[in-house]
Amino acid sequence: MDRQLIAEIFTSALGIIGLIFGFFRMNTKKMPLYFTMILLSEFTGTLVYLFRVVYKICSGSEPLTFNVSAFAVMGSFLFLFFANYGEMDMLADDKSKALKKYRIIPLIIVLAFVITDIAVFAGQNINLFEKIIFLVTIFVIMLAAYYNMKHLIIPDVEGGIIKAMRGYNFVALLYEILSVAIIFTQVLGDSYLRLAITPIIGLCLLIMVIIADREVEKWKT
Amino acid sequence: MENLIYVLFFCMVIPFCMMLIIVPKGAKMNTAYIIVGITICLFISEVNSIFMNALPLNMFDFTTTVSPITEELIKYIPIIFFIYVLSDDKDKVIGIAFAEGVGFSVLENIFITVQNISAVSPTWALARGISSALVHSVTCLIMGLGFLTIKKKKKLIAPGILSLWSLAVIYHAIFNSLIQSKYNAFGIALPLLTFLPEAIIIFRDRKKNNKKNADNKIAEKI
């Protein structure tokens, strides 16, 4: 069994543990929509790796460069975007001038993604269709990363709900950065880096749900 | 037989259409969505055959890469239509989503059975009946209930639709990979394992709502 497959099995297993944990939490307590969206993101993210594992085991070969997991990666980050932009941002940001700098600073992460994109994609001989899929995926990750970064630095509001979610936002941001990095390893064909990143993503998926659950609990206290 | 799927389609849809006339109002929508599911299956078979001829993919790659995308996309449209135009009642959405998935899988199963008539067995049919019906219904439920939740956030409808669809697509692709391999027992287990938690949540919510309604009625009487 190749090492990458073992890493992907490990990631899927951690993702499934996180999913079961999240499901039981949702079943025992009334959780906000914010948590549901994080759990759905984790679920979709887990299925990305589970699909790769299942495909490799069932067909005995690597999935095609374009496969359904590309959509699922986008879906996973759209759920995170949904959670932060749709659920939290209106509470965190009242659109006042005082918070302007907190809207600008997170653009650093977007800029970093763009610069790395250009550096990685320039000179690489990949076909246009794959390039478009990769870039659209990175764009979606950027959207989610912007809001996670913003909620990591923005001042707290009454009730402490923004401060309470800092841990989750940090892990989600790490998950986003690593997911972009894994796309870059695909473009560059760097299998060692890919092997190193894959299990860390699994840990992020698991920790994201556990931390989100604990931090959402703080809203009630 | 070239038009086999059309023959099967008419054999199934016409009785359901007659049933639609006679069933009480409460059951009409579910019956209609069984017909919708069957019709979608027919439509998708045509769409998939176009892609199959156009793309240089073998059957395994096609069913794990292309068909989940087309199937989930087209299955999603009637559910969105129902929630937007007809009703956003949770129980009704559960009913029509499940009916659509069942309708889809019924025609799909019969078509596959007739095509492989010499190879099929009652055990195969039992496994296929459970797994295929559940996988199509579970994906419809995911999309239906998910859309019902995100519908409240108007500005996020587009990303919400896309993310729910992608979730259904990858789930379907995993099922298709497993069911065609020697690990097909896992393929049967997957929809069962995902259906059970969904069913638990639905029953729990229904029980809560019934209790709430009963309490409200008592309060009104008092």
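Tutor: For charges, Lys and Arg count as positive and Asp and Glu as negative, while His and the chain ends are not counted; the place of a charge is taken as NZ of Lys, CZ of Arg, CG of Asp or CD of Glu. By that convention, the mean positions of the 19 positive and 17 negative charges of chain A are 5 Å apart. In chain B, with 20 positive and 14 negative side chains, the centres of the two sets lie 12 Å apart.

The model is a predicted one, in which local features need pLDDT of at least 70 and side-chain atom pairs count only at pLDDT 80 or more, whereas totals for chains, interfaces and linings use all residues. Residues are numbered from 1 along each chain as its sequence is written, chains are lettered from A and ligands numbered from 1 in the order in which they are written, and side-chain values use heavy atoms, with hydrogens and water left out.

Now to the core itself. A nonpolar core is a set of buried Ala, Val, Leu, Ile, Met, Phe, Trp, Tyr and Cys residues joined through side-chain atoms within 4.5 Å; buried means under 20% relative accessible area, exposed over 50%, and partly exposed in between, with a 1.4 Å probe and protein chains only. Helices (H or I, at least four residues) and strands (E, at least two) are DSSP runs, numbered from the N terminus.

Contact means heavy atoms within 4.5 Å. Leu107(B), when residues up to four places away in sequence are not counted, touches Ile5(B), Leu8(B), Phe9(B), Met12(B), Ile38(B), Cys41(B) and Leu42(B).

Chain A contains nine helices and zero strands, and chain B eight helices and zero strands. Of the 221 residues of chain A, 55% count as buried; for the 222 residues of chain B, the figure is 48%. Among contacts between residues at least 6 apart in sequence, 78% in chain A join residues at least 24 apart. In chain B, 71% of the contacts with a separation of 6 or more are between residues 24 or more positions apart.

As to overall dimensions, the C-alpha trace of chain A spans about 55 × 40 × 25 Å along its principal axes, and that of chain B about 65 × 40 × 35 Å.

Two residues of chain A complete the picture. Cys204(A) lies in helix 9 (residues 191-220) and is buried, with a relative accessible area of 3%. Apart from neighbours within four places in sequence, Cys204(A) is in contact with Val171(A), Leu174(A), Tyr175(A) and Leu178(A). Leu99(A), in contrast, sits in the loop between helix 3 (69-92) and helix 4 (100-104).
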